[in-house]
Amino acid sequence: MADPGAPRAAFAPWDRRELPGLFGVVEAARRIGAYRWIETRLFEALGGWVATVPELDVKLVLGRHCYHHAWHAELWTKRLPELREMNPDRLTEAPNDEVIAFVDALREPEAPELTIEKLVGVYRVLLPRKIAAYTFHRNATSRITDAPTIRSLDFALHDELEGWREGEMLLQSLIQTPEDVERAARRQQELESLILAAGGITGPGSLGEDTSQEVETP
Amino acid sequence: MKKILPVEELARDSRFVRREIQDAITDPRQAIVAERNTGTARLEPDRPAAGDRARQLMHGIFVGELQALEGAGRTAFDFDDVPFQLKLDMARQCWDESRHCEISVKLSEHMGTEIGEFAEATFLYEAACAPDALLRLTGVNRALEGLAIDVFNTMKEFGDSSGDPVLSACEDWMLADEVTHVKMGSDWLRRLTENDPERRERALEFQRTVDKLFSLGGFRGETDENPIQLARKFREMAGFSTVEIDELSEVSAEAQDEARAVATARGAAA
């Protein structure tokens, strides 16, 4: 048996976690405020849509996913005070006006015959964007200093990936004609254009792309 | 998407058939049925029509859960000026009601009925159309979910007495959730009206109105004439006082008398 009094390193040889991450406390809090804002807008919309979709299976899935995203919003509400933001509402905001325009467009469909438009917005545009931004955050932040955020991101990503798969399967079962394919593609294009203009769900730099050389488009 | 979705716009597939609950309660044939001495109206397995009545009740539970899901979802969406935690509670309720719908569909198949065999009355969702969030919480979480407690407890007992452990176990799971939902409504009523007793009284008045409607002309009560029995123990767990439950019992009896009088008058006029 090894001598219990012998000194050992704080990190086992297989533990390759490093300092620092790409984000400071302020930037982490800003991103998490944006996550809370968009998760809240999303769960509200899913809850509101339940009564407007006639397809029973879609109705029940929206009810379940409504809670998943509300829970993510709650996770971010709890994390913000740990990042020096004692009033979570202060940082809970859209990163720019373009993200607001995107979310307004996403939440707009209401009529019962617009289920494809509703689902495309959530499962083919927003969730892939969230999965990408959450994954970037998870990979870029320090696994030591920002471990609580990573733990929450892992929980959220699990739901996002499951939700994306379930939503995509619902869409594939609803898209039955060439006209449906066109509808879905048109809707995806509209919303992709809006989120592209926003720079992603946390604004420019959502995926860590360099924004220092950005030039104003004419 | 607009705020406040009226009941006429609830989205349904082609299997669902709607009817006005008032038409059923005041149907003149009810007076003729009431004249027959068929013994207790309670849901008991040795009655010849027990199977059909249980299947009809199961279908009613399913559409009730569907409307409770839709109501909770709309409350999460419709209000921008309510506490964040209240919205989270409504989202949680959405998930619970969604599961209850799934359970109800499975149980319906288990009991030998299917979606659309019986009509749907949408009065439950109507309580979720109130423009004030507090009224919705009293109307939906305390009145509607309170009715759900009574119904699930009755159905669970029916499962026990008819030797159906699947029915009994599933109803018990749903009952556990409903107690939580009613307690949620009781807690928010207290918190939102802590310094506003007038607002609390208005909300409770709305709840009394809804409770009378939800007594469905004698469907619920505490006598042998009522198929659904008030579940006093579970209501107490959910935050109802004994005085409140006594009042509800009286309201149910009033609703039964009124419905009987209207049905008799309609029968005489026919």
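1. Helix H2 (residues 56–79) and helix H6 (residues 147–174), both of chain A, pack at an angle of about 165°, and their axes lie 11 Å apart. The model is a predicted one. An angle over 145 degrees counts as roughly antiparallel, and H2(A) and H6(A) are therefore roughly antiparallel to each other. Their crossing is left-handed.

2. The residues behind this pairing can be listed from each side. H2(A) brings A:Asp57, A:Val58, A:Val61, A:His65, A:His68, A:His72, A:Leu75 and A:Arg79 to the contact. They meet A:Pro148, A:Thr149, A:Ser152, A:Phe155, A:Ala156, A:Asp159, A:Gly163, A:Glu166 and A:Leu170 in H6(A). By class, the residues of the contact of H2(A) with H6(A) are seven nonpolar, six polar and four charged. Among the charged ones are A:Asp57 and A:Arg79 in H2(A).

3. For chain A as a whole, there are seven helices and zero strands. Read from the N terminus on, the order of elements is α-α-α-α-α-α-α. The C-alpha trace of chain A spans about 70 × 50 × 35 Å along its principal axes.

4. One peptide bond in chain A deserves a look. The bond from A:Leu19 to A:Pro20 is cis, with omega near -15°. Most residues other than glycine have a negative phi, and most peptide bonds are trans. A:Pro20 is found in the segment before H1 of chain A.

5. Chain B has ten helices and two strands. From the N terminus on, its elements run α-α-α-α-α-α-α-α-β-β-α-α. The radius of gyration of chain B is 18 Å, close to the 18 Å that the globule rule gives for 270 residues, so chain B is as compact as a globular protein of that length. Along its principal axes, the C-alpha trace of chain B spans about 55 × 40 × 35 Å.

6. Within chain B, H3(B) and helix H6 (residues 133–161) pack at an angle of about 155°, with axes 11 Å apart. H3(B) and H6(B) are therefore roughly antiparallel to each other. H3(B) passes H6(B) in a left-handed crossing. On the H3(B) side, the contact is made by B:Ala54, B:Leu57, B:Ile61, B:Gly64, B:Ala68, B:Gly71 and B:Thr75. On the H6(B) side are B:Ala133, B:Arg136, B:Val140, B:Leu144, B:Ala148, B:Val151, B:Met155 and B:Phe158. The residues of this contact divide into eleven nonpolar, three polar and one charged.

7. How many residues of chain B are in contact with chain A? There are 23 of them, and they touch 23 residues of chain A. The elements that give two or more residues to the side of chain B that touches chain A are helix H3 (50–78) and H4 of chain B. H4(B) supplies the largest share of that side, ten residues. By class, the side has 13 nonpolar, two polar and eight charged residues.

8. One helix pair spans the two chains. Helix H1 (residues 25–50) of chain A and helix H4 (residues 84–111) of chain B pack at an angle of about 50°, with their axes 11 Å apart. That makes H1(A) oblique to H4(B). The crossing of H1(A) and H4(B) is left-handed. A:Phe43, A:Gly47 and A:Val50 in H1(A) meet B:Met90, B:Ala91 and B:Cys94 in H4(B). The residues of this contact are five nonpolar, one polar and no charged.

9. H4(B) itself has 28 residues. From its first C-alpha to its last it reaches 40 Å, close to the 40 Å expected at 1.5 Å a residue. Just after H4(B), B:Gly112 takes a positive phi of about 95°.

10. Where in chain B is B:Ile4 placed? B:Ile4 is in the segment before helix H1 (21–25) of chain B. Although B:Ile4 is not a glycine, it has a positive phi of about 60°.

Notes:
Residues are numbered from 1 along each chain as its sequence is written. Chains are lettered from A and ligands numbered from 1 in the order in which they are written. This is a predicted model: local features need pLDDT of at least 70, side-chain atom pairs count only at pLDDT 80 or more; totals for chains, interfaces and linings use all residues. Axes are lines fitted to C-alpha atoms, for helices over the stretch in contact, and angles run from 0 to 180 degrees between N-to-C directions. Helices (H or I, at least four residues) and strands (E, at least two) are DSSP runs, numbered from the N terminus. Angles under 35 degrees count as roughly parallel, over 145 as roughly antiparallel, 65 to 115 as roughly perpendicular and the rest as oblique. A crossing is left-handed if the near helix is turned anticlockwise from the far one by less than a right angle, and right-handed if clockwise. Two residues are in contact if their C-beta atoms, placed from the backbone, lie within 7 Å. The expected span of a helix is 1.5 Å times one less than its number of residues. The radius of gyration is taken over C-alpha atoms; the globule rule is 2.2 Å times the number of residues to the power 0.38.
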